[in-house]
Amino acid sequence: HRVDRRQRQMCIRDRIEHVIINILKIVSNGCVVYNSSKKEITLFYEAEKEITPSDFRKNIGQALPHYMIPVVFHHLKEMKRNPNGKIDRAYYNSLVK
């Protein structure tokens with residue numbers, strides 16, 4: 001069951017990121033993290049300008065079900081990356097645990 005839960009969380013994460021980056025094109029990059037202790041989704045995003053949480057919810061709500069809408073939003077000018085150039089997911093996970 002633990003593997004199924006982890007797979008489901010990754011699927012939700014990938015779907016949210018795909019929608020905000022590729023479909024809605026409201027951010028340059030994003031990293032979705034699930035805070036299991038608070039049972040909430042946090043979004044770290046890279047964009048030229050900060051987007052208000054209400055604008056985010058309104059835009060995302062048109063493309064995703066309610067349970068996939070992040071609760072916490074963190075605007076970054078540039079996201080932290082690994083040496084290989086990918087977004088450092090472990091770093092962002094460590095910020096919400």
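## Two loop residues with positive phi

Lys25 sits in the loop that links helix H1 (2–23) to S1. The model is predicted. Lys25 is not a glycine, yet its phi is positive, at about 55 degrees. Most residues other than glycine have a negative phi. Lys25 counts as exposed because its relative accessibility is 61%, and the cut-off for exposed is over 50%.

Lys39 lies in the loop between S1 and S2. Lys39 is likewise a residue other than glycine with a positive phi, near 55 degrees. Its relative accessible area is 64%, so Lys39 is exposed.

## The sheet

Three strands make up an open sheet. Their order is S1-S2-S3, and the pairing is mixed. Strand S1 (29–35) and strand S3 (72–76) are the edges, each pairing on one side only. On average, neighbouring strands of this sheet are turned by 15 degrees against each other, direction ignored.

How do strand S2 (residues 40–46) and S3 run, and how many bridges join them? They run parallel, joined by five bridges. Within S3, Phe73 is the bridge partner of Leu43. In general, strands of a sheet pair through backbone hydrogen bonds, either parallel or antiparallel.

## Helices across the sheet

Helix H3 (residues 89–96) lies across S1, S2 and S3. Its direction is at about 45 degrees to S1.

Note on methods
Residues numbered from 1 in each chain as written. Predicted model: local features only at pLDDT ≥ 70, side-chain atom pairs only at ≥ 80, totals over all residues. Heavy atoms only, no water. Pairing = 2+ DSSP bridges. Helix = DSSP H or I, 4+ residues; strand = E, 2+ residues; numbered from the N terminus. Axes fitted to C-alpha atoms, helices over the stretch in contact; angles between N-to-C directions. Contact = heavy atoms within 4.5 Å. Buried < 20%, exposed > 50% of the residue type's maximum accessible area, 1.4 Å probe, protein only.
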